[in-house]
Amino acid sequence: MSEPVALPGMDPIDRLAVLEAGLPGALVRRRRIAAPFDAVWRVIADLENTVPRYETAVDRVRIVEERGEFLRLVVRDAAGREDAVDARLRPGWCLMQSATVVVAFAARPLDGETLLAHLEHRRPQDAAPPGPSAPADRAAALAKIDEELRTIEALATGESR
């Protein structure tokens with residue numbers, strides 16, 4: 001799988017917007033989190049322990065290979081299916097992708113708090129180009145992302161659910 005070229009010095013939130021533009025149908029939400037960057041990023045970076053806490057479809061994440069900021073993960077969903085996921089993780093930027101999904105987080109400090117952006121994209125599984133999703137599906141997917149961001153905030157501020 002190819003990965004977008006990281007531009008040196010580019011703001012991670014802007015980088016996520018570029019990624020969004022290149023993935024038709026990708027959904028992104030941003031949230032100002034009432035916690036310092038380090039506290040928020042600890043939640044994002046602790047893939048094995050926190051992903052299953054904010055992503056209800058994920059049962060377990062295992063890091064099976066680590067080469068600097070490049071990781072290989074095995075993600076087991078709630079139904080017991082496993083998926084190999086390539087990830088790139090560094091402060092302010094987390095990109096995870098498999099043959100079926102792309103999930104990304106970008107963050108930056110903002111006045112003692114943190115601006116966190118979260119992208120989710122399901123890759124088309126056939127040769128047809130992705131079409132517009134139904135408004136109800138899109139609204140439900142955005143609500144899911146909003147709930148994940150609220151849970152991440154709760155974990156970062158110690159108000160875990």
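Modeller: Start with a term: a nonpolar core is a set of buried Ala, Val, Leu, Ile, Met, Phe, Trp, Tyr and Cys residues joined through side-chain atoms within 4.5 Å. Keep in mind throughout that this model is predicted.

Biologist: Which residues of the largest nonpolar core touch the most other members?

Modeller: That core has 32 residues, and those touching the most other members are Trp41, Leu47, Leu73, Cys94, Met96, Phe105 and Leu116. Take Cys94 as a case. Apart from neighbours within four places in sequence, Cys94 is in contact with Trp41, Ile44, Leu47, Arg88, Leu89, Val103, Ala104 and Phe105. Another core lies apart from the largest one; it has 14 residues, including Leu19, Leu23, Val28 and Ala117.

Biologist: Now a helix. Which residues of H3 are buried?

Modeller: The general idea comes before the case. An α-helix has 3.6 residues a turn, so residues three or four places apart point the same way. In H3, the buried residues are Leu47, Thr50, Val51 and Tyr54. Viewed down the axis of H3, these buried residues fall within an arc of 110 degrees, so they line one face of the helix.

Biologist: Thr50 is on that list. What does the side chain of Thr50 reach?

Modeller: The side chain of Thr50 reaches the backbone oxygen of Asp46 at 2.8 Å. Thr50 sits in helix H3, which covers residues 47–54. Buried means under 20% relative accessible area, and Thr50 has 8%, so it counts as buried. Leaving aside neighbours within four places in sequence, Thr50 is in contact with Val43 and Leu155.

Biologist: Next, charged residues. How many salt bridges are there?

Modeller: Side chains of opposite charge can pair when their charged atoms come close. Here the count comes to 16 salt bridges. One of them joins Asp11 and Arg108, with the closest N and O atoms 2.8 Å apart. Asp11 lies in the segment before helix H1 and Arg108 lies in strand E6, so the pair ties together parts that are 97 residues apart in sequence. Arg108 is partly exposed, at 26% relative accessible area.

Biologist: Which residues join Lys144 in one network?

Modeller: Lys144 and Glu120 meet in a salt bridge as well, at 3.1 Å from N to O. Through shared partners, salt bridges join Glu55, Glu120, Lys144 and Glu148 into one network.

Biologist: Strand E7 has come up. Which strands pair with E7, and in what sense?

Modeller: Strand E1 (residues 27–33) pairs with E7 in the antiparallel sense over seven bridges. Within that pairing, Val28 has Leu119 as its bridge partner in E7. E6 and E7 also run antiparallel, joined by 10 bridges, and Leu110 has Glu113 as its bridge partner in E7. E6 and E7 form a hairpin with two residues between them, and Asp111 in the turn has a positive phi of about 50 degrees.

Biologist: How many residues of E7 are buried?

Modeller: In a regular strand the side chains alternate between the two faces of the sheet. As for E7, eight of its 10 residues are buried, and the strand is mostly covered.

Biologist: Last, a loop. Is Ser98 buried or exposed?

Modeller: Ser98 is buried, with a relative accessible area of 0%. Ser98 lies in the loop between strand E5 and E6. A polar atom of the Ser98 side chain lies 3.1 Å from the backbone nitrogen of Thr100. Ser98 and Arg123 are 25 residues apart in sequence, and their C-alpha atoms are 8.8 Å apart in space.

Methods
Residues are numbered from 1 along each chain as its sequence is written. This is a predicted model: local features need pLDDT of at least 70, side-chain atom pairs count only at pLDDT 80 or more; totals for chains, interfaces and linings use all residues. Side-chain values use heavy atoms; hydrogens and water are left out. Helices (H or I, at least four residues) and strands (E, at least two) are DSSP runs, numbered from the N terminus. Buried means under 20% relative accessible area, exposed over 50%, partly exposed in between (1.4 Å probe, protein chains only). A polar contact is a pair of N or O atoms within 3.5 Å; within protein, one must be able to donate a hydrogen and the other to accept it, and residues adjacent in sequence count only if both atoms are side-chain atoms. Contact means heavy atoms within 4.5 Å. A salt bridge is a side-chain nitrogen of Lys or Arg within 4 Å of a carboxyl oxygen of Asp or Glu. The arc is that of the directions from the helix axis to the C-beta atoms. Two strands pair if DSSP finds at least two bridges between them.
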